Amino acid sequence: MKTGSSVGTGAEPLRDVRTRRGRGRGRVAGVAMMLASAASNQTGAAVGALAFPVIGPAGVVAVRQWVAAGVLLAVGRPRLRSFTAAQWRPVLALAAVFATMNLSLYTAVGRVGLGLAVTLEFLGPLAVALASSRRRTDLACAAAVAAAVVALTRPRPTSDFLGIGLGLLAACCWAGYILLNRSIGRTLPGAEGSAAAAALSGLAFVPIGAFVLVHHPPTVRALACAGAAGVLSSAVPFLADLLALRRVPARFFGVFMSVNPVLAAVAGLVVLGQALHWTQWLAILVVVTANCVSVVTARAP
């Protein structure tokens, strides 16, 4: 009896340690997935922008959506006939959000540049972080990021307000993308929901893409750039975000995604030659610092 008691008291702490280690590994894997998703997304956006002079933002988005749909259908293999009405609703919503987000973002990139467009888009996940967080550290980080975004996007007499508005529309779509992707991940196995949403989004762009490509005949280079954008900015982030959101809470995801403006600015500089002023880089440094503080101080739920 005495021996059994000592075994029981020793096994419980061991199980607790294993549980904590498992949560820690899950959090690390989630962070790695989010970082890979952000880097792939911004690199793909910069490469896709190289095709704007030939087929424009709408043409790039159309090709991007078709490539993403093909890749995700092959990976996810959704059993569409088995979807219930409750499962179809968020999938349809995600398809609409995904299509609108990409078209508005790429059009904004063509008007105000990659760094500014993605910074505006980041207001979406920032809003998710502010709405769902109860930790003072996260709120302070989000406030610091908000101040940096204001410094980067303050209106000027020569500002392209249509481009800014499209960036803000992309922000609203990104917030919906985070919440819908998380909901779909709970109701559908694997990448079935994401693949179905990508396929519907690709179908919606068939008439748009056909019209653009007929009136603006593409070159091989333009198609290659748009196709690369489909893989790097759609297929890879779609899957990585879906898996990451199963390992980290939505508020943590929203704050961590503050790295996107940084990577967008770097990609814009390296790929597109879009240089930023030192004050803009300083604001981006604030974003990075706030992001790092949030990641370091985050606790497992």
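A: A cavity, on a 1 Å grid over the protein atoms alone, is a set of points where a 1.4 Å probe fits but cannot get out, and its lining residues have an atom within 4 Å of a point. Grid points are joined across faces, edges and corners, and a volume is the space filled by probe spheres set on the points. The model is predicted, so local features need pLDDT of at least 70 and side-chain atom pairs count only at pLDDT 80 or more, while totals for chains, interfaces and linings use all residues. Residues are numbered from 1 along each chain as its sequence is written, and side-chain values use heavy atoms, with hydrogens and water left out.

With these terms in place, the structure holds one cavity of 30 Å³ or more, and the space in this largest cavity comes to about 150 Å³. Its lining is made up of 18 residues, and those nearest the centre are N41, M101, Y177, S233 and P237. By residue type, the lining of the largest cavity divides into nine nonpolar, six polar and three charged residues, where Ala, Val, Leu, Ile, Met, Phe, Trp, Tyr, Cys and Pro count as nonpolar, Asp, Glu, Lys and Arg as charged, and the others, Gly among them, as polar.

Conventions: On a 1 Å grid over the protein atoms alone, a cavity is a set of points where a 1.4 Å probe fits but cannot get out, and a pocket is an open set with protein on both sides within 12 Å along at least five of seven lines; lining residues have an atom within 4 Å of a point.
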